[in-house]
Every structure is written in structure tokens, then in C-alpha cells.
Amino acid sequence: MRVLVTGGAGFIGSNFVQQTVRERPGDDVTVLDALTYAGDRASLDPVADRVRLVEGDVADADLVDALVAEADLVVHFAAESHNDNSLTDPSPFVRTNLVGTFTLLEAVRRHGVRYHHVSTDEVFGDLPLRVEGDPATQERFTERTPYNPSSPYSSTKAGSDLLVRAWVRSFGLEATLSNCSNNYGPYQHVEKFVPRQITNLLDGVRPKVYGAGLNVRDWIHVEDHNTAVWTVIERGTPGETYLIGADGETSNLDVVRTLLDLFGRAPDEFDHVTDRAGHDLRYAIDATRLRTELGWTPRYTDFRAGLEATVAWYRENESWWRPRKAATEARYRASGQG
């Protein structure tokens with residue numbers, strides 16, 4: 001199979017590419033990535049001799065058309081994805097997440113190519129925090145949950161999902177969609193929550209937590225996410241949406257305390273910072289359909305063990321994250337969140 005992976009030099013995309021090359025050696029993989037600050041050639045170093053990397057923009061219609069024409073399958077990871085950045089400047093999110101997706105959909109429609117769209121649970125907004133004994137607070141997102149995005153990032157991802165659904169209905173596009181919970185693992189940019197805390201701790205810097213730290217995220221290891229994506233591509237019904245999650249609900253405060261414990265530090269060795277505007281309270285994925293209909297199960301069911309493996313990766317790969325660290329911390333200081 002000839003596979004075009006957009007955003008394949010980013011966090012989840014590069015892990016997907018490496019996993020595909022490792023587990024599907026007969027496939028021919030091309031990566032399209034703009035190589036902005038969040039995408040890096042070095043994330044593909046382990047498979048650099050096995051993939052073709054094209055530097056370019058998913059909103060470049062001529063380039064996208066030429067690459068899609070050569071493909072049997074397009075897997076669309078490329079996205080601007082950092083909530084804080086979307087609050088500072090929403091314009092790149094509109095261009096990449098909306099215009100880029102439209103550009104891909106039109107190319108896929110012209111050439112009759114299979115398409116999979118990777119999205120986020122943040123399109124659903126948030127849920128109330130769980131209260132023991134209160135059934136109304138036990139809700140989780142399903143494929144039927146209405147969209148209610150909270151930020152420029154999540155709203156542009158919601159818009160891109162709706163474009164895919166419209167192209168399926170209007171033009172008969174052979175496409176599937178997946179909405180996933182928060183990923184963690186190797187090659188995640190140090191601006192994100194888990195790697196920022198890990199690299200701060202490696203540098204002897206106290207972790208920082210938004211507000212009271214009670215916001216809950218549903219964590220999944222990136223390898224589990226990408227295994228699920230391939231499961232949807234191979235077994236999913238065209239036109240359908242599947243939610244990907246590993247039952248990993250954990251508060252930000254508990255994530256930080258687990259990391260502190262892994263580093264042998266006291267559980268209160270962190271600082272609170274002003275909460276982010278529009279900060280969603282809780283995400284929780286119900287992946288029943290993916291598990292029962294398609295037979296997928298996660299490998300990393302112990303979040304602490306997954307975090308420990310992730311810490312080990314960042315310890316062993318300082319040459320990958322160190323060049324990004326100073327610029328990231330400077331951006332946080334400039335925004336008043338240093």
C-alpha cells in the first residue's frame with residue numbers, strides 16, 4: 001500500500017510512521033510535513049532510509065494533489081494543536097486545520113483515494129468532574145456526543161471533522177474518522193503538558209500546574225492510539241466515526257504527583273500558575289464501539305508504567321528535546337506563564 005501521512009514529522013504522526021514501517025514493511029510511506037516548530041526531521045531518524053519526507057503545507061493545493069495522486073491511502077495527522085498557542089494567534093489553526101483539510105479532501109475526491117481523518121476529543125467540549133455516587137457526573141464522550149468546542153484549536157478541529165462528514169455524504173468519499181483522548185509518549189514536543197513537566201524535572205525545575213490542577217484528561221499512550229488508527233483503517237466502516245481511548249482518566253495534579261514520585265521528589269514540589277482561559281474541566285472517552293465492533297484493545301493499561309517508560313525515553317534522548325526547550329520556555333515566559 002502507498003500511504004501518505006500528513007504531519008508525519010510531528011508527535012503522533014512520527015510515531016505512526018515508525019510503527020507503520022516496523023509492522024508493515026511492505027508499505028511505501030510518504031510524509032508531508034511543513035516542519036514548523038512542532039515537526040522535526042529528527043523524529044523520523046530511525047526510519048529515514050525507509051520513508052520519503054516532503055516538506056510542504058497541507059494547504060498547498062498543487063503539492064497536495066500531486067502527492068495524493070500517488071497514494072492509495074491518506075492518513076491526516078497534520079494540525080496546529082496547542083490550545084495556548086491558539087489563544088495567542090488563531091490564524092494558523094484556521095489555515096492548517098480548516099483550509100488544509102479542505103485541500104486534502106478535494107484532492108482525495110479527485111483521485112478516489114481512501115482517507116482517514118485523525119481528530120481529538122476536545123471537539124466535544126468538556127464534562128463535569130466526577131462525583132462519587134452521582135450518576136450524572138459519570139458521563140463519557142461517545143460517537144453521538146454533540147460538538148461543543150471551547151478554543152480556537154478545538155473549534156477548527158471540529159470544523160475539519162464536519163468537512164469530512166459533509167464530503168462523505170455529498171460526494172461519497174471513502175473516509176473514516178477517529179477522535180482520540182490525550183496522547184503521551186516519545187517524540188512529544190516539550191510545550192505539551194507531560195514532556196514539559198518531565199524536562200523541567202530533568203533540569204531541576206519545579207513543575208507548573210494550571211489553577212488547582214483538578215482538570216481531568218483521559219490519557220492514552222501514542223502507540224495504542226496508532227494501533228487503533230490502523231484498526232479503524234482496516235476494519236472500520238467508511239463514513240463512520242470511532243472514539244479512541246484507554247480508560248486513562250487522571251487529573252493534572254495526579255499526573256504531576258506521579259512524575260514527582262518517579263523522580264524521587266516530594267508530592268508538593270510544584271507551583272500553581274494562573275489557569276488558562278476556557279480551560280476544559282474533564283475529558284473522558286467511551287471506546288466501547290472500537291473495542292466491541294473492531295476488536296481493539298490497548299497495550300498500555302497501567303498509566304504509571306507508561307509514564308515511567310516515557311520518562312526513560314526523555315532521559316535517553318536529550319539530544320532530541322534539548323534544542324527545543326529554551327525557545328519553548330521563552331514563549332511561556334512571554335505569555336506570563338513562565
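1. Two strands count as paired if DSSP finds at least two bridges between them. Helices (H or I, at least four residues) and strands (E, at least two) are DSSP runs, numbered from the N terminus. In strand 3, L53 is the bridge partner of V31. Strand 2 (residues 28-33) and strand 3 run parallel and are joined by 5 bridges.

2. Please keep in mind that this is a predicted model: local features need pLDDT of at least 70 and side-chain atom pairs pLDDT 80 or more, while totals for chains, interfaces and linings use all residues. Residues are numbered from 1 along each chain as its sequence is written, and side-chain values use heavy atoms, with hydrogens and water left out.

3. The open sheet has 7 strands with parallel pairing, in the order 3-2-1-4-5-6-10. Strand 3 (51-55) and strand 10 (241-244) each have a single partner strand, so one side of each is left without a neighbour in the sheet.

4. Which strands does helix 1 touch? Helix 1 (residues 11-23) packs on the sheet against strand 1 (2-6), strand 2, strand 3 and strand 4 (73-76), where contact means heavy atoms within 4.5 Å. Its direction makes about 170° with that of strand 2; axes are lines fitted to C-alpha atoms, for helices over the stretch in contact, and angles run from 0 to 180 degrees between N-to-C directions.

5. Helix 7 (residues 222-235) lies across strand 1, strand 4, strand 5 (114-120), strand 6 (175-180) and strand 10. Helix 7 runs at about 145° to strand 5.
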